[in-house]
Amino acid sequence: MAKITAAHLYEERQLCTLFYLRNPNVRLIYVTSMPVDRAIVDYYLRLIEQTSLVSYENAYKRLQMLNCNDASPLPLSAKILRRPRMIEKIKSAIDPSIAYITCFISSNLEREIALKIGIPLFANDPSLSYWGTKSGSREIFSEAGITYADGTELVHTVDDLVLSIENFYTRRNFAIDKIVVKLNIGFSGEGNALLSCKHFEKGNLQKSILAALENHLEYVYELETWSSFVEKL
């Protein structure tokens with residue numbers, strides 16, 4: 001997260017939940033690391049006004065925007081847990097018998113917040129997070145008989161990566177030009193890299209694949225290097 005400029009802005013992808021305010025019985029508390037620009041909030045509230053019988057003013061008075069005033073790369077939930085007064089502020093503004101928490105990705109941090117506030121967390125159990133990774137998704141698709149992109153199984157070492165690329169390349173009869181190498185856990189595409197097969201030598205595949213990885217891998221993240229990439233395999 002720290003390597004992504006203004007990563008905290010990804011917290012705004014949940015602003016779609018403001019549309020819950022089209023229900024006049026809903027109150028919503030939205031928490032972010034830094035204040036959300038008022039113009040962005042107004043945009044959503046105006047959409048609500050234009051697509052329902054709820055006025056801008058009515059939706060606005062049922063919305064509470066909170067922020068930690070903290071643009072550090074820490075997860076938002078960690079910032080909230082470091083601020084007991086914010087947790088108390090949330091608790092004082094809700095009816096725990098009907099309130100719940102939603103989030104984009106769940107972890108033990110969100111679970112801890114839910115326990116401290118005493119309301120349900122509407123999200124996947126953190127223990128199931130693996131099934132949302134690239135390899136986990138491929139396993140699920142395979143078991144369910146769903147067609148998915150050709151590729152390889154998850155690997156954790158350079159030797160296994162080279163071998164999997166060799167097997168994949170030969171299985172496709174050497175008829176591919178480029179291969180996408182993905183870290184199993186990445187964010188905003190920053191864990192992706194592109195490998196050109198033009199550097200492969202059929203008579204010396206494994207060594208040429210390793211050399212291509214070390215010298216010609218094109219990273220989405222501009223500050224990535226082979227050594228830093230390998231550390232995250």
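Helix H8, residues 205-216, lies across strands E5, E6 and E7 and runs at about 125 degrees to E6. Helices (H or I, at least four residues) and strands (E, at least two) are DSSP runs, numbered from the N terminus. The angle is taken between axes, which are lines fitted to C-alpha atoms, for helices over the stretch in contact, and such angles run from 0 to 180 degrees between N-to-C directions. Contact here means heavy atoms within 4.5 Å. Before we go on, please note that this is a predicted model, in which local features need pLDDT of at least 70 and side-chain atom pairs count only at pLDDT 80 or more, while totals for chains, interfaces and linings use all residues. Residues are numbered from 1 along each chain as its sequence is written, and side-chain values use heavy atoms, with hydrogens and water left out.

E5, E6 and E7 form an open sheet of 3 strands in the order E5-E6-E7, with antiparallel pairing. The edges are E5 and strand E7 (218-219), each of which pairs on one side only. Strands of a sheet pair through backbone hydrogen bonds, either parallel or antiparallel. Two strands count as paired if DSSP finds at least two bridges between them, and strand E6 (residues 192-196) is joined to E7 by 2 bridges. You can find one of the partners by looking at Ala 193, whose bridge partner in E7 is Tyr 219.

Ser 208 is buried, with a relative accessible area of 6%; buried means under 20% relative accessible area, exposed over 50%, and partly exposed in between (1.4 Å probe, protein chains only). Leaving aside neighbours within four places in sequence, Ser 208 is in contact with His 199, Phe 200 and Glu 201.

Next come the charged pairs. The structure holds 7 salt bridges, a salt bridge being a side-chain nitrogen of Lys or Arg within 4 Å of a carboxyl oxygen of Asp or Glu. One of them joins the side chains of Asp 70 and Arg 83, at 3.3 Å from N to O. Asp 70 sits in the loop between strand E2 (63-67) and helix H3 (76-81), and Arg 83 in the loop between H3 and helix H4 (84-92), so this pair ties together parts that are 13 residues apart in sequence. Asp 70 is buried at 16% relative accessibility, whereas Arg 83 is partly exposed at 24%.

Another salt bridge links Asp 150 with Arg 171, with the closest N and O atoms 2.7 Å apart. Because Asp 150 lies in the loop between helix H6 (134-144) and H7 while Arg 171 lies in helix H7, the pair ties together parts that are 21 residues apart in sequence. Asp 150 is partly exposed at 42%, and Arg 171 is partly exposed at 43%. A further salt bridge brings together the side chains of Lys 232 and Glu 224, at 2.9 Å from N to O. Lys 232 is partly exposed at 38% relative accessibility, but Glu 224 is buried at 7%. Salt bridges that share partners also join Asp 150, Arg 171 and Arg 172 into one network.

Two loops deserve a stop. In the loop between E2 and H3 you will find Asn 69, a residue other than glycine with a positive phi, near 50 degrees. Asn 69 is exposed, with a relative accessible area of 59%. The loop between H7 and E5 holds Phe 174, which has a positive phi of about 60 degrees although it is not a glycine. Phe 174 is partly exposed at 34% relative accessibility. Ala 175 is placed in the loop between helix H7 (158-171) and strand E5 (178-182), and Ala 175 is exposed at 60%.

Finally, what about the cysteines? A search of the whole structure finds 0 disulfides, a disulfide being a pair of cysteine sulfur atoms within 2.5 Å. The sulfur of Cys 68 is 15 Å from the closest cysteine sulfur, in Cys 103, too far for a bond. Cys 68 is buried at 7% relative accessible area, and Cys 197 is buried at 5%.
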